[in-house]
Amino acid sequence: MAKPKNVCEIREISNQDAQPFNDANHLQGHRNAQLTYGLFYNDTLVQLMSFSYNQKKNWWEIIRGCPGSNNLVIGGVSKLFNHFVKQKNPERVFSYCDFNKFDGKGYEAIGMKFIGYTGPDMKWLMPNGAVINRQPGKHKELKEAAIAQIWGAGSKKYLWSKNDQPSNV
């Protein structure tokens, strides 16, 4: 039986394959992960979600998640996350949500619970117009060179727990 043409397909992809997509579409660019799932439509990568396991905290973390810049994949986050849960059977999954740009409703829609804030984030505005993220090792140098400090809302923290999910999921 032939697969319907308008259905997205999930495939595991490498960091090497994820990097150009993240660099082009994610606000923070690429970050290597232990596991990345790509959502493909007609053999074209349209969205991805990557994960790494934190042994110290005994949870998986969503490292990157993003659609392509011109894509709106209805249910894409849910499809990728549910696939991950079925494949890895995690006890807990953690993620940050940049509160300067997003409200976290996407995480709440997949069953994650808001667990707190990171506090404000800080960036430096440089004379050439560049905005540089806080770098503790270069604090003095950046403070002297910058024309302003920019404070942001920080990030919201979310946690999904298998114990919080309905038993029929």
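Visitor: Let's start with one side chain: what is the relative accessible area of R11?

Guide: In this predicted model, R11 comes out at 27%, so R11 is partly exposed. The cut-offs explain the label, because buried means under 20% and exposed means over 50%.

Visitor: And which residue meets R11 in a salt bridge?

Guide: The general idea goes like this: side chains of opposite charge can pair when their charged atoms come close. Here, the side chain of R11 meets that of E9, at 3.2 Å from N to O. E9 is partly exposed too, with a relative accessible area of 31%. There's also a network of salt bridges, linking E9, R11 and D43.

Visitor: How many salt bridges does the structure hold?

Guide: Five. One of them joins K162 and E91, with the closest N and O atoms 3.2 Å apart. That pair links distant parts of the chain, 71 residues apart: K162 sits in the segment after β10, and E91 in the loop between α2 and β5.

Visitor: OK, on to the sheet. What is its strand order?

Guide: Read across, it's β1-β2-β3-β4-β5-β10-β6, an open sheet of seven strands with mixed pairing. β1 (9-13) and β6 (113-117) are at the edges and have a single partner strand each, so one side of each lacks a neighbour in the sheet.

Visitor: In what sense do β5 and β10 pair?

Guide: Antiparallel, over seven bridges, with β5 covering residues 92-98 and β10 residues 155-161. D98 has S155 in β10 as its bridge partner. The side chain of D98 also meets K101 in a salt bridge (3.4 Å, N to O).

Terms used: Residues are numbered from 1 along each chain as its sequence is written. This is a predicted model: local features need pLDDT of at least 70, side-chain atom pairs count only at pLDDT 80 or more; totals for chains, interfaces and linings use all residues. Side-chain values use heavy atoms; hydrogens and water are left out. Two strands pair if DSSP finds at least two bridges between them. Helices (H or I, at least four residues) and strands (E, at least two) are DSSP runs, numbered from the N terminus. A salt bridge is a side-chain nitrogen of Lys or Arg within 4 Å of a carboxyl oxygen of Asp or Glu. Buried means under 20% relative accessible area, exposed over 50%, partly exposed in between (1.4 Å probe, protein chains only).
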